[in-house]
Amino acid sequence: MSTHRTQTGGRIDRTRKVSFRFDGRTYTGQVGDTLASALLANGVHLTARSFKYHRPRGILAAGSEEPNALVAVWRDAARYTPNLRATQVEIYEGLQAGSQNRWPALGFDIGRINDALSRFFPAGFYYKTFMWPRRAWKSLYEPMIRRAAGIGIAPTLPDPDRYAQRYAHCEVLIVGAGPAGIAAALAAAKGGGRVLLCDEQSELGGSLLSETRAQIDGQSAAQWLAQALAELAANPRVTLLSRTTAFGYFPHNLVGLVQRVSEHRETALPGQIRERLWQVRAQQVVLATGAIERPLVFPGNDRPGVMLADAARTYLNRYGVRAGTRAVLVTADDTAYQSALELAAAGVAIAAIVDVRDQPGAQQLAAAHSAGIEIFAAGTVLGTRGALRLRAARIGQRDATGAVHFRRSVVCDLLLMSGGFTPSVHLFSQSRGKLEWSEELQAFVPGAAAEATRCAGACRGVFGLSRVLEDGAALFAAQHYEVSEDGPTPGAGWLGTLPQPVDADVGKAFVDFQHDVSLKDILLATREGFHSIEHIKRFTTTGMATDQGKTSNLNALAIAAQRLQKPPVEVGLTTFRMPFTPTTFGSFAGASRGELFDPVRRTPTHEWAEARGAVFEPVSLWMRARYFPQEGEDMHLCVKRECLAVRSACGLFDASTLGKIEIVGPDAAEFLNRLYVNNWSNLAVGRCRYGILCRDDGFIYDDGVIARLAPDRFHVTTTTGGAARVLAMMEDYRQTEWTDLAVWLTSTTEQWAVIAVQGPRARRVVETVVQGADLSAAALPHMALTRGYVSCEDAPQIPAMVFRVSFTGELGFEINVPAGYGRAVWDQVFEAGQAHGIVPYGTETMHVLRAEKGYIIVGQDTDGTVTPDDAGLAWAIGKTKPDFVGKRSLQRPSMNDAIRKQLVGLFCLSCTAPLEEGAQIVDSRGQSVPMKLIGHVTSSYDSAVLGKPIALALIAGGRARIGQRLFVPMPGGEIEVEVTSPVFYDEKGVRLNG
Amino acid sequence: MLLIDCPYCGNRPEIEFTYGGQAHIARPTQPADYDDHQWTEFLYLRDNQRGLRAERWRHSHGCGRFFNALRDTTTDRFHGTYKVGEPRP
Ligand SMILES: [Zn+2]
């Protein structure tokens, strides 16, 4: 056992050794150690280099507030976690950890040059230094800053671990299992409700885990704790969660917890997850989050070996580790004497106690005197010495006039400091509870709560073991706890910098250790004119590191307040935000990764298309076949073949993703009249019509074919992506505007498989499949529908609705059958089509064919500023209707302006490849930047049937420009185009009506 | 995450709901009678007040019904919900 490890005591398992590696060296610790306690047991304080100046840093604290000792821990290249606090990492056999922010090594770090140059890196230097020359920003400054920014590196491989998520409800959620939390849980459990008690540490107990003197109700603290936890564990209504951090407090008493399930194990148990995210909705929340000891601000207060006094006590009593051999205590608080005396009793030489106050507590003085410890009242620390480890502290004292004089340099390898205690109000503040300034404590404490939240113990400024226990219990039922050796309770402590001679250099008196913000930086901020802590914080970056200023916020505030000669409350406290400590993305993502990230909707023919080697594309949540390449075909060749097949013979297309809404009721036609621009009253049963839906601003929102199935029943189709929002819009008008209409809306998108058969031979194919229906041109003209049935082996009469509709410009049919029969009917159609040269085609071919006909795609050829007339669809508007959604807006003068952008076609005169979609259009050659842009390309394809590229475009006053030459400026030069009608193929619609 | 009290279903988490803008703005029954200025006002202008605000919400991933709610824009708290057609409490 190492020299720093005590012979007895503590909660580590002294019979079980653990070997682990830190920065490539192997060390030995004990089961129950944290990485920090194990390193200290090996005499290692130096664990990190600081963020900005690369100064050597040691372990400051013993808990989650640790600002310095950030380490990386890894199992392999994918399981690599940066920026973990060594004070929270539990060691296991073979643990691998390393320091960060240093090169080539922790002991010798090139970046240290920044420290020597620190006067060139004051607060706010980013904002000033890199302003000039402007050119240098991209090539020099930005890459340099990016390289220097941040601590730690992210793993490059995907996280192979699993994370779970869980919702929970309880009557009482208690955050923090120290004496207040446990007493609250014991009392709450008696009420019979569900109680959930969580704590971020590996063991429940909080400060009781390092309490060796006090007796509670006649038992040692450890015995009392064991008994209390046993009582709680035996209660089936109580849930105890250790290693569980309450990281966020959300509205209506929803608290986010992250439970580290297997991180502390050498290997996870089979099937074990890494972390579990809890979302706990609690009737009431009890915060028992304790308090954090404040560092003191003096030059050299960041040297490895400088440590919070209470942390040293924790290392001694809980882990059996002496953090040094010869210590000086500098304190503004009576409680820290306890740490010095306990360390002295454990064999650490206490060289001196420097008490910042004029009059230290009498009892503490007496105890220190009788232990033979020299005391400097009205004392201060003027500086420290040592390279990678503290070697001496320079002690000073104030005289009666307040002047500071150097007294003595004291050799020591441990400098304990205590500036008092800051209540942990993070979660309370996150819940939007109001904070109040306590003059007595010189700290913020919880005031009026915004949620059903109550606080107990040190987090609300109640100190002393018996009072803390009683405070926790009293939330549910008053109870008396008899505690011996209660010890002193903290007072106001000390805020801001320790007294220094007037000419002292305070550049190395650190306030925020994690972001390397010194006293000098904060003074500079006030000189620069920043008067609010929110601004000082952003200028200096104090409190903006991953620790959110747990140890630094109050000192920064006090320094600014003193300099500005204002009370701290007027300078303000920054808002606490979640997460309390850094939380993994994995726990937030949970199972929502890879295939489970988003649901995927597949059509009835998905497997068929997959088996034929189709290439798919996502369209909203759907996966649609984009094209069906044959041997040796790229997309271009494949689409060309598919297009020609549809134009010359017959194509087969799965249109099942079309949104479908059935509108039923005596007022169904009136409902559609009010909603769509078209007239629906005169649509006969058995007929279809192309409908346009605008919003009340007059712009196209959706389109689709609507069929009248019966006088009171319409089958509305929508765009694939628009189905949900169209139904939502319909429901909005139905429920909130037109409550007088008797009409019902049902989404039928997934009820029907839609098999489109398009091409000159389509009728012959469909005829052989659909029975009981007359598909002749006379009986079923374009935009009509009929019903029939399809017979399969195991389903003699599958009902089929056949729409004669076309999105290709060819003779076309869409066979609608119940989705469950979709594949069977598809197979039959494909089989029947073999004699007619049927070819399956995908969305890419569909796009080309519709563009050849000038059919728009809402969202591609329209963008939310396109009216029906802009799109060339004014013919669809029911002119005699008194009103429809959008009508009034379409009557505004600007909606009929001749220079509105209108949909036209473009022929490319000089190019062989299609224009780029989105490319801008100008009306003359050789314009200088900024050019006068008159429109843009919305759709662009190679047309196989025309043998040249075509495009659709929105162009200002476009229809009046038909025949004109325009230009598309591209990086390679201007492309000359001719404006045409958007209908490139079969303008008279002969094929459609065939 | 907020709990929102759907008047038809009770308290449900906010992810089940969709916000629907300011409440109690009825679409004119005779838009033709509105001049351009009045129509623009109906179409685009909405209150942006501090404090209690009546809003439309839809329980889109539940019963699908629209309802109105009073929400405090400073605290994000709901102070009651009521059915479409009912007066603001
Ligand atoms: Zn509901």
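The donor residues of the zinc ion are spaced C-x2-C-x49-H-x3-C in sequence. This is a predicted model, in which local features need pLDDT of at least 70, side-chain atom pairs count only at pLDDT 80 or more, and totals for chains, interfaces and linings use all residues. Residues are numbered from 1 along each chain as its sequence is written, chains are lettered from A and ligands numbered from 1 in the order in which they are written, and side-chain values use heavy atoms, with hydrogens and water left out.

**Zinc site in chain B**

- The zinc ion is coordinated by B:Cys6 (SG), B:Cys9 (SG), B:His59 (ND1) and B:Cys63 (SG), at 2.0 to 2.4 Å. Donors are N, O and S atoms within 2.8 Å of the metal (3.2 Å for Na, K and Ca); water is not among the atoms, so sites may look incomplete.
- The arrangement is tetrahedral because the four donor atoms subtend angles of 105 to 114 degrees; four donors count as tetrahedral if all angles lie between 85 and 135 degrees.
- B:Cys6 lies in strand S1 (residues 3-6) of chain B and B:Cys63 in the loop between strand S4 (52-58) and strand S5 (66-72), so the pair ties together parts that are 57 residues apart in sequence. Strands (E, at least two residues) and helices (H or I, at least four) are DSSP runs, numbered from the N terminus.
- B:Cys6 is buried, at 1% relative accessibility, whereas B:Cys63 is partly exposed, at 32%. Buried means under 20% relative accessible area, exposed over 50%, and partly exposed in between (1.4 Å probe, protein chains only).

**Hairpin in chain A**

- Strand S1 (residues 13-22) and strand S2 (residues 25-31) of chain A pair in the antiparallel sense over seven bridges; pairing requires that DSSP finds at least two bridges between the strands.
- A:Asp13 stands opposite A:Val31 in S2(A).
- Two residues lie between the strands of this hairpin, and A:Asp23 takes a positive phi near 50 degrees.

- Most residues other than glycine have a negative phi.
- A:Asp23, in the loop between S1 and S2 of chain A, is partly exposed, with a relative accessible area of 30%.
- A:Asp516 has a positive phi near 55 degrees and is found in the loop between strand S30 (510-512) and strand S31 (517-518) of chain A. A:Asp516 is buried, at 0% relative accessibility.

**Cis peptide bonds in chain A**

- A cis peptide bond joins A:Met578 and A:Pro579, with omega about 0 degrees. A:Pro579 is in the loop between helix H15 (568-571) and helix H16 (585-589).
- The peptide bond from A:Val929 to A:Pro930 is cis, with omega near 0 degrees. A:Pro930 is found in the loop between strand S47 (920-921) and strand S48 (935-943).

Note on methods
Four donors count as tetrahedral if all angles lie between 85 and 135 degrees; four count as square planar and six as octahedral if opposite donors are over 155 degrees apart and all others between 65 and 115; anything else is irregular.
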